[in-house]
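I opened my notebook to look through this one, entry by entry. Here is what I wrote down along the way.

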Amino acid sequence: MTATDACATPLDRDDPAVLVAGLVKRFGGTVALDGVSFSVRPGELFGLLGPDGGGKTTLFRILTTLLLPDDGSARVLGLDTSTDLWAIRSRVGYMPGRFSLYPDLSVAENLDFFASVFGTSVEAEYDLIAPIYQQIEPFRDRRAGALSGGMKQKLALSCALVHRPDILFLDEPTTGVDAVSRREFWDLLAGLRAGGLTIAVSTPYMDEADRCDRVALIQKGRILAVDTPAGIVDRHPLPILRVATPDRYRSIQLLRSYPHAHSVYPFGESLHYTDARGDVDPAALASELRAYLDRQGVLQPEVEPIRAGIEDCFMALMDDPSLEPE
Amino acid sequence: MNRPENVSGPAPPRELRLAQIQPAIEVRSLTRRFDDFTAVDAISFDVQAGEVFGFLGANGAGKTTAIRMLIGLLAPTSGEARVAGHDVRMEADRIRRRIGYMSQRFSLYEDLTARENIRLYAGIYGLSDAAIRERTETLLNRLRLDSHGDTLVRSLPLGWRQKLAFSVAMVHEPEIVFLDEPTGGVDPITRRQFWEMIYEAAQNGTTILVTTHYMDEAEYCDRVSIMVEGRIAALGTPAELKAEFGASTIEDVFVQLARPTAEIAAGMAAGSAGTPTSRTMPSG
């Protein structure tokens with residue numbers, strides 16, 4: 001790296017906080033990232049949504065300078081992740097997916113350690129970490145290894161924040177965490193975002209998209225779409241109906257054999273049916289399906305047109321690679 | 001998938017079967033303490049044969065401890081449980097032969113191929129050589145894994161591994177299958193395909209007890225229990241629970257019930273005990 005470049009380029013307000021272009025990473029014969037491009041704006045809460053094996057962790061490791069890409073480029077805060085690594089490291093906060101604090105140090109010792117590595121102190125940064133750290137401060141003398149999952153997560157977030165980073169990378173902070181703790185964690189992130197921090201967070205839970213300003217859907221190392229959650233949903237190409245019947249298993253089979261069915265999936269207590277005809281009127285389609293199920297002896301089927309959700313969109317994009325925009 | 005050779009003609013309607021057969025799982029005041037800590041606090045419930053039963057709770061609520069008792073890996077401190085008609089305390093090995101178990105990540109040997117994993121488990125469960133051969137090919141075929149039967153499990157995509165793990169848990173045609181967060185991290189289509197495998201098994205009479213952090217999956221279950229602080233705080237069909245708690249989703253019910261837990265934890269830190277949730281439904 002060239003130290004002059006690294007320190008002499010303050011980030012313009014309109015420059016992207018993260019700019020990734022054509023990123024490729026291979027591990028042996030496995031292509032972990034297959035030409036990934038997107039940007040994150042300053043102050044944005046950006047979500048990277050996708051299942052395991054999608055490339056989320058590899059991408060975050062490249063953005064935090066822990067891994068070199070095979071091709072393409074990645075800039076964080078205007079700095080090149082391949083050449084300006086030391087400058088980037090002092091300005092990013094990173095919370096890896098696996099708990100990686102010192103289990104034999106206490107809560108307070110972990111936090112002091114991370115503060116001192118970055119040349120600061122917990123006292124100096126207390127106002128920033130307080131909303132999170134205060135929740136675990138009663139346990140400040142407990143060994144980090146003996147904390148509950150939710151408390152470990154809050155300590156890890158405190159440690160990632162203690163040097164007042166300009167951008168935060170959180171790799172699957174809510175995986176394996178129950179629904180209540182997940183909600184609380186996202187509330188914390190919303191608070192940090194309101195303070196102006198740029199945050200990139202990955203998750204396999206599609207329902208968390210709504211907590212983000214924009215999201216990228218990622219699968220098998222490729223970006224399926226990048227947009228606001230509403231923008232992603234608006235792009236769903238086919239009419240979609242919610243079907244509720246007492247006999248879900250049989251209704252799935254029946255609907256799949258309907259001549260115009262494009263896909264049928266269970267969603268909670270009901271089913272989502274998408275029709276292969278993109279131009280059919282949803283209300284007319286609902287009556288058509290109701291009549292069909294009725295003829296098949298399904299009692300009192302409830303059928304109504306609905307707006308697609310993020311998960312519908314993810315599945316639609318997975319189904320048909322030709323719909324991939326990038 | 002199960003026992004088709006014994007059944008002549010169509011199976012009776014599912015509701016009828018659920019009502020007629022003795023419970024697959026019967027739990028009465030089941031309790032487990034570790035020193036001063038009561039991980040499972042006198043829980044009682046039944047799971048009917050062929051039912052898909054969602055076993056929910058916050059991290060640390062006691063689900064895993066309860067499941068470990070039900071599959072005979074951990075002795076209860078007090079109370080009783082019968083699984084497939086057998087007492088968990090006295091007849092743990094008979095129970096283990098009649099149940100299947102799949103946990104999120106550790107059910108398969110990654111250094112063995114898909115075919116070897118099926119054969120290994122089938123052998124452990126005492127299937128005959130002929131049955132092992134037949135069952136292995138049937139399962140690989142059903143999973144559309146025929147051409148990947150000799151691939152190391154480590155090299156299979158996660159979704160396939162999880163479907164394979166489920167099949168392996170079903171290889172000895174158990175009456176009851178325990179699934180501990182079976183769908184973590186898989187893509188939404190695979191997640192749904194997995195649930196269709198669950199439905200299919202339930203249609204064939206297998207009882208399913210499943211834990212999950214995906215609250216939409218809770219709504220796929222016939223009935224759901226929600227554990228809070230070692231107790232069953234709510235139990236019913238998804239529709240019943242939503243009506244009882246005035247919630248539009250099971251996630252809302254879950255948050256209403258489990259939210260006080262976080263406050264209790266904070267209260268304990270400050271030195272006060274706090275009371276568990278006031279909304280406790282009689283179970284069963």
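I began with the salt-bridge rule: a side-chain nitrogen of Lys or Arg within 4 Å of a carboxyl oxygen of Asp or Glu. By that rule I found 6 salt bridges across the interface of chain A and chain B. One that I looked up joins the side chains of A:R183 and B:E251, at 3.4 Å from N to O.

A note on the ground rules: this is a predicted model, where local features need pLDDT of at least 70, side-chain atom pairs count only at pLDDT 80 or more, and totals for chains, interfaces and linings use all residues. Residues are numbered from 1 along each chain as its sequence is written, chains are lettered from A and ligands numbered from 1 in the order in which they are written, and side-chain values use heavy atoms, with hydrogens and water left out.

**Interface**

I counted contacts next (heavy atoms within 4.5 Å). They link 30 residues of chain A with 36 residues of chain B. For buried area, I took the accessible area (1.4 Å probe) that two parts lose on being put together, summed over both. Between chain A and chain B it is about 2,800 Å², and 57% of that comes from carbon and sulfur atoms. Of the area that chain A buries against chain B, A:R183, A:Y249 and A:E269 supply 22%, more than any other three residues.

**Confidence**

I then checked pLDDT, the predictor's confidence in each residue, from 0 to 100. Chain B averages 84, and 83% of its residues score at least 70. Residues 1-10 of chain B stay under 50, yet the model gives them 16 contacts beyond four places in sequence. Residues 266-284 of chain B are also below 50, with 31 contacts beyond near neighbours in sequence. For the complex, the predictor gives an ipTM of 0.81 and a pTM of 0.83.

**One residue in chain B**

Leaving out residues up to four places away in sequence, I listed what B:T211 touches: B:F55, B:K63, B:I67, B:L179, B:D180, B:E181 and B:P182. With B:E181, the side chain of B:T211 reaches the backbone nitrogen at 2.8 Å.

Conventions. Polar contact = N/O pair within 3.5 Å; in protein donor to acceptor, adjacent residues only side chain to side chain.
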